[in-house]
Amino acid sequence: MKTVLITGATSGIGQACARLFAQHKYQVILCGRREDRLAELQDELAPLTNVCTLNFDVSKKQAVANAISSLPEAFLPIDILINNAGNAHGFDPIYSGHDADWDAMIDTNVKGLLYVSKEVIPQMMARKSGHIINIGSVAGKEVYPKGNVYCASKFAVDALNQGMRMDLAEFGIRVGAIHPGMVETEFSEVRFKGDKERAAKVYEGVDALQPEDIADIIYFVVSRPNHINITDLVVLCAAQTSATTVHRS
């Protein structure tokens, strides 16, 4: 039985991945900051497969190391790492952005991805096998007004994905990134500081992508034969034609 570790597993794309991989009988390691949600998801998935939860914040280097080193032997080795944890904070022009928002995005989207990957990669290298999926964004391909630091963090994910792939190919480790456009999750609610009304307007008149759509794509990517590596995939809903252009009904 293969094992998948998913960061940001308590909502959105991460949660959808957890459910789908559990249905396909992968052992799942659920990582997240919200302990209550981890417990709820564990209870939901336990009838389907073996489940382990790790409660930590990916932006805290020592917490990452402590959590992953605490994994029970039964959940090792990790076959698939899904670097999904990420966030957007604020929607301000660069001259009025907030330091705390910048730190939150860089610490989670960039440094958090690195911290988790560094803990998982060595055991993949040792057995010359493994697959890493990095969740980027269309914002890592196109910069848009008021996206500045969020876009920068996702451009960094794009670059790290390419660098990982180059550095790890000799060890038989596949690396790829999925870059979604508009996905209807808690993303906008977080970006707009809990303003649900403003967040809801982002998805008005649009048949937006759903977390399950991205989970399906991730499962397809990792289930390809070992000689195939899907390295870079941008996914938009049919109504979205760029980072900022959406046709609304």
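Predicted model: local features only at pLDDT ≥ 70, side-chain atom pairs only at ≥ 80, totals over all residues.

**Entry 1**

Residues are numbered from 1 along each chain as its sequence is written, and side-chain values use heavy atoms, with hydrogens and water left out. My helices (H or I, at least four residues) and strands (E, at least two) are DSSP runs, numbered from the N terminus.

Next I checked the pairing, for which DSSP has to find at least two bridges between two strands. β1 pairs with strand β2 (residues 27-32) in the parallel sense over 4 bridges, and Ile 6 stands opposite Leu 30 in β2. Between β1 and β2 the chain passes through helix α1 (residues 12-23), and this β-α-β crossover is right-handed: with the strands pointing away from the viewer, the path from the first strand over the helix to the second runs clockwise. β1 also runs parallel to strand β4 (residues 80-83), joined by 3 bridges, and there Val 4 stands opposite Ile 80.

**Entry 2: the whole sheet**

I then traced the open sheet of 7 strands and wrote down its order, β3-β2-β1-β4-β5-β6-β7, with parallel pairing. β3 and β7 (232-235) stand at the edges with a single partner strand each, so one side of each has no neighbour in the sheet. Neighbouring strands are turned by 15° against each other on average, direction ignored. For angles I use axes fitted to C-alpha atoms, for helices over the stretch in contact, and values run from 0 to 180 degrees between N-to-C directions.

**Entry 3: helices**

How do α1 and helix α8 (residues 211-222) pack? Their axes are 8 Å apart, at an angle of about 55°, and α1 and α8 are therefore oblique to each other. My classes are roughly parallel under 35 degrees, roughly antiparallel over 145, roughly perpendicular from 65 to 115, and oblique for the rest. Among the residues that meet here are Ile 13 and Leu 20 in α1 and Ile 214 and Ile 218 in α8, where contact means heavy atoms within 4.5 Å.

In helix α3 (residues 61-69), I found Val 64, Ala 65, Ala 67 and Ile 68 buried. The buried residues of α3 pack against β3 (51-55) and α4 (99-127). The axes of α3 and α4 come within 9 Å and cross at roughly 30°, and α3 and α4 are therefore roughly parallel. The contact includes Val 64 and Ile 68 of α3 and Val 116 and Val 120 of α4.

**Entry 4: Met 125**

My last stop was Met 125, in helix α4. Met 125 is partly exposed, at a relative accessible area of 29%. Leaving aside neighbours within four places in sequence, Met 125 is in contact with Leu 168, Phe 171 and Ile 173. The C-alpha atoms of Met 125 and Ile 173 are separated by 7.3 Å, although 48 residues apart along the chain.

Definitions and conventions: Buried < 20%, exposed > 50% of the residue type's maximum accessible area, 1.4 Å probe, protein only.
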